[in-house]
Amino acid sequence: MPFNDVKDVQKQLESVRYIASQEIATVVFLAVATEKPILIEGPAGVGKTQLAKALSMCLDRQLIRLQCYEGLDEAKALYEWEYAKQLLYTQMVKDRINHVISDARTLPEAVDRIASQEDAFFSERFVQPRPLLQAISSPDPVVLLIDEVDKSDPEFEAFLLELLSDFQVTIPELGTRKPLTIPLVILTSNNYRDMSDALKRRCLHLYIDYPEPEIEMEIVRMKLPGISVKLVEQLIRTITAIRGMELRKKPCISESIDWARSLIALEKDELTLPDASATLNTVCKYRSDLLKVRQQLSQMI
Amino acid sequence: MLNSLIKFAECCRAWDLRVSTIEVMDCAAQLNLVPIRGENDFKTVLRANFAKSRREQKKFDQVYHLYFHQRPIPLDHDREAVSGEIVKEGIEKLLEEFVNPENMTEAQHGFARMIQGEPAAFLDHVQRLQSAEEKRQKAIKSNLAQLSGKLSLMLAISQMTDRFIDQVKRTETDPALRRQLIDHLSDRAQHARSLISREPDYYTDMLVETGDTQSGQTDLATQPLSTMDPHLMDDMKEMIARLVRKLKDQMARRYAVKNRGSIDVKQTLRRSAKFQGVPIDIRYKAREKTRAKIVTLCDISGSVWTASKFMLHFLYSLQDCFSRVRSFVFVSDLVEITDLLETPQVSGALDRVMSNPGINTHARTDYGMAFQQFKHQALRELDKKTTVIILGDARSNYQNPQAGILSQIREKVRRMIWLNPEPQHTWYTGDSEIRQYRKHCHELCACSNLSQLEDFIRRLVL
């Protein structure tokens, strides 16, 4: 087993620069141990996708990513026949086909002979695997990230079910493809719509919220080792206060880091009101938010 | 352990969380895998298996707290403390002596079980009471069905608790045990009451909420729709027409790129005839447009009507972006106006809406009743491709809001969006039920002026 216990998950994730809370580590440990997919929910920018990347790094597995969107279909997600290649091959081997049927006396016989060869054209050679098929036919286990699954259509969700429970897929011409290895599947959702009960039943659920201030400080310090202790504390306190406001878009972790980075670039080691106000546009991405926060900034620092 | 887990799952189900047998089995297996060092570990495992969305987590937390935290446990600092087992026995004795199962009502039975540490039946009873729908009355409207149900339940609890405590005082001689029994009984009663008085609750931090925003557009775009002058209406219509053209342009460009589908074998072969059968010119199928269905539900009472009118105008001008738009309007009774609006002259048709015989503009707005009628008329036709848009100020004249119906609708559809035409600072005041309704929406937007309405429509179609 890749992880010994929950503590080990935390330690290994930290070695690839991802700080996981006890809850995250527990769910990840269970998912790996029981080979179940994880469905991650949470606000934008709290590290949902990052968790998948970190896991692929610390497990030393390839990360296969499928970004979902409206209109995503099997041909884009699972496999596609390479029609162009099939057609070109048919052209190139035309003589050979003529040879196969040259001594056929009747038309039905000729058709029979071609039929006996038809597997040649619907074989692995002409299947172009897409992320989902790649994930289960890879000889080494992979991490499969199905990002923003809430953006996909209900049809796609229905067809994910087979994959998520048995890790197998059915291609009509070739039959059912059994998995060579079981991937670690991570689905993320921003709650654009509710997922079906059937899908939820197959997954472990994990909600990642904005991190506790202490953990966030640790994250910023890890990403920017040179930063002064005082600046980090002030910065995170302010960010936490800003998140408490009613905004169109709340600042996420990457924005905390960007803010810290820009303050370091300005060679500041503490947060003052004028500096904060001048660099606020790294944190607030809408004009209306910016004005709102700037008004109350003096109380937050 | 397993026994306790199964009983807990039963409570979850009674509180309207869907927990399947498979999930209970998974959970039991997982508890053996993780070293449980503290309560948090235990709760994390249970929660990852039993509550499968952020929304449900609140209900889970309630049941969890009720089930695992309120069992008769002796106080540590009390030297005379009696062990939990003895308290339990005491309670069982009490119930046996006192309660005659034959002539107990369902509510009394539920509460008696809850005192014994098995709240499932009681939760189920409260849950049904809370999701009960108001019956339709002809003459005088009242919203008391649910309230009176709750009231009689409250009374039953108080009576039973009083009788039990009385009994304990008379018969129990051991003072420590007596105190603990009384503590336990009043604690349970307290919990039962809070379950009844609180509405079902959900975490709403995944809700998209767009409030008032400042923007640098023209006066007309930011003028409140509710105070719109009649002579500005024509300007307004022209402005909408302009916005509609712009949006359609953008849509067309986007589809041209996105629309290339898989190869069209038939056409490619036909073209290859030109090149001695060599498929040089490869043709692709155009992908079918996946278009959303829209169902709108508009309050048309008083000042809200202007906002509803513009929203409908906007939607119907963009009708070819959607596969179907159905519209309902209500004051207290619901009327479908889809047929009326499916004409090229939407604005003219909108002016005729008010003269529809089914609409009684003098009635008092009643959201609960409108939702109930909507459920009976249209719930069957909703599917996962439908977006429901409700436009209204949620001012329901203190009548039963019946928010549970929205939760049922939400389960059927892709997205549920509430547009509130009031300025944001008045949303949660007075008889507005928006606090109840927002729990069940995916998105809550302000739409008090044209610019906000445009923002919303843009997000909807693009």
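Modeller: Buried area is the accessible area (1.4 Å probe) that two parts lose on being put together, summed over both. This is a predicted model, in which local features need pLDDT of at least 70, side-chain atom pairs count only at pLDDT 80 or more, and totals for chains, interfaces and linings use all residues. Residues are numbered from 1 along each chain as its sequence is written, chains are lettered from A and ligands numbered from 1 in the order in which they are written, and side-chain values use heavy atoms, with hydrogens and water left out.

Biologist: Into which domains is chain A divided?

Modeller: The bounds come from an automatic or database domain assignment. Chain A comprises domain 1 (6–76 + 131–207), domain 2 (79–126) and domain 3 (213–295).

Biologist: What area do domain 1 of chain A and domain 2 of chain A bury between them?

Modeller: The C-alpha centres of these two domains of chain A, domain 1 and domain 2, lie 39 Å apart. Their contact (heavy atoms within 4.5 Å) takes eight residues from domain 1 of chain A and six residues from domain 2 of chain A. Carbon and sulfur atoms account for 56% of the buried area, which is about 660 Å².

Biologist: Which residues of domain 1 of chain A lose the most area to domain 2 of chain A?

Modeller: Three residues together give 55% of what the domain 1 side buries. They are Ala75(A), Glu173(A) and Leu174(A).

Biologist: With which residue does Arg177(A) form a salt bridge?

Modeller: The rule (a side-chain nitrogen of Lys or Arg within 4 Å of a carboxyl oxygen of Asp or Glu) finds one salt bridge across the interface of domain 1 and domain 2 of chain A. For Arg177(A), the closest N and O atoms are 3.1 Å apart, and the partner is Glu124(A).

Biologist: How many salt bridges does the rule find across the interface of chain A and chain B?

Modeller: In this interface, 47 residues of chain A are in contact with 46 residues of chain B. The area buried between the chains is about 4100 Å², with 54% from carbon and sulfur atoms. Arg410(B) and Asp194(A) form a salt bridge whose closest N and O atoms are 2.7 Å apart. For the interface of chain A and chain B, the number of salt bridges found is seven.

Biologist: Which element gives the most residues to the side of chain A that touches chain B?

Modeller: Helices (H or I, at least four residues) and strands (E, at least two) are DSSP runs, numbered from the N terminus. Elements that each supply at least two residues of this side include helix H1 (6–15), helix H2 (22–34) and strand S1 (38–41) of chain A. With eight residues, the element that gives the most is H2(A).
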